[in-house]
Amino acid sequence: MHLNIPKPIGGLVNILLRTKEYFLAAASLVMAAVFFCVVILRYLFDADLFAYEEWVLMIAFWVYFLGGAMGSYENTHVKADFLLSLIDNLRTKWIVINITLFVEVLIGCVLTYWGWLMLMEEVNYYPDWQTTTGLGLPFAIPKLGIFLGFVLMTFYTALHLYSGLRDGPTEEWEADEAPPHL
């Protein structure tokens, strides 16, 4: 992937990516194992795993939002780039993509702020914060995952914008940032 970012930030990005990769792999394996155990318990032993939905749902929030951040970094998230497939001029494509990235960063900042407000609303009610009914897990756990996901999505989108503006419309940039022609 072509991201032209300064070395100190590059080191931070590598640490974040490795941490997310390990967390996402472990969380996915845990969720698969839990569902396997639930099926075995339910259909072979006619038993149930108490309140597994509560903590598996919290893990799922973390997986979903950190996976979204990974998609932002890898530039593989779902896009509606039909207009770009009609543009042949590299410079025009570069301008459109960087305007789009700028708007994405602005939206990401707003969502990150709302995620912060959501998390702080939960934290401010401590020790009387909302918890799940079965295990008493605080709702702040999935909300922290949502907030961190928005922070990382915004950060990675800003890195793509920075890298695109720094490099300009080059062939290497187009290969990584612009979608292929239809």
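Select the lining of the second largest pocket to begin, and its residues divide into seven nonpolar, two polar and four charged, where Ala, Val, Leu, Ile, Met, Phe, Trp, Tyr, Cys and Pro count as nonpolar, Asp, Glu, Lys and Arg as charged, and the others, Gly among them, as polar. The model you are looking at is predicted, so local features need pLDDT of at least 70 and side-chain atom pairs count only at pLDDT 80 or more, while totals for chains, interfaces and linings use all residues. Residues are numbered from 1 along each chain as its sequence is written, and side-chain values use heavy atoms, with hydrogens and water left out.

A pocket here is an open set of points on a 1 Å grid over the protein atoms alone, where a 1.4 Å probe fits, with protein on both sides within 12 Å along at least five of seven lines, and lining residues have an atom within 4 Å of a point. The volume is the space filled by probe spheres set on the points, which are joined across faces, edges and corners. Helix α4 gives the largest share of this lining, five residues; helices are DSSP runs (H or I, at least four residues), numbered from the N terminus.

Next, select Ser72, His77, Glu104, Met153 and Thr157, the closest to the centre of the largest pocket among the 13 residues that line it. The volume of the largest pocket is about 280 Å³, and the elements that give two or more residues to its lining are α2 (52-74), α4 and α5.

**Salt bridges**

Which residue forms a salt bridge with arginine 18? Show the side chain of glutamate 21, which meets that of arginine 18 at 2.8 Å, N to O, a salt bridge being a side-chain nitrogen of Lys or Arg within 4 Å of a carboxyl oxygen of Asp or Glu. Because arginine 18 and glutamate 21 are three residues apart in helix α1 (residues 7-44), about one helical turn separates them. Arginine 18 is partly exposed at 44% relative accessibility, on a scale where buried means under 20% relative accessible area, exposed over 50%, and partly exposed in between (1.4 Å probe, protein chains only).

Now move to glutamate 122 and lysine 143, whose side chains also meet in a salt bridge (2.8 Å, N to O). This pair links distant parts of the chain, with glutamate 122 in helix α4 and lysine 143 in helix α5 (residues 140-167), 21 residues apart. Glutamate 122 counts as buried at 4% relative accessibility, and lysine 143 counts as buried at 17%.

**The loops**

Select the loop between α1 and α2, where aspartate 46 is placed, and check its phi, a positive value near 55° in a residue other than glycine. Alanine 51 lies in the loop between α1 and α2 as well, and has a positive phi of about 55° although it is not a glycine. Is each of these residues buried or exposed? Aspartate 46 is exposed, with a relative accessible area of 73%, whereas alanine 51 is buried, at 10%.

Finally, go to the loop between α4 and α5, the place of proline 127, and centre the view on the cis peptide bond that joins tyrosine 126 and proline 127, with omega about 5°.
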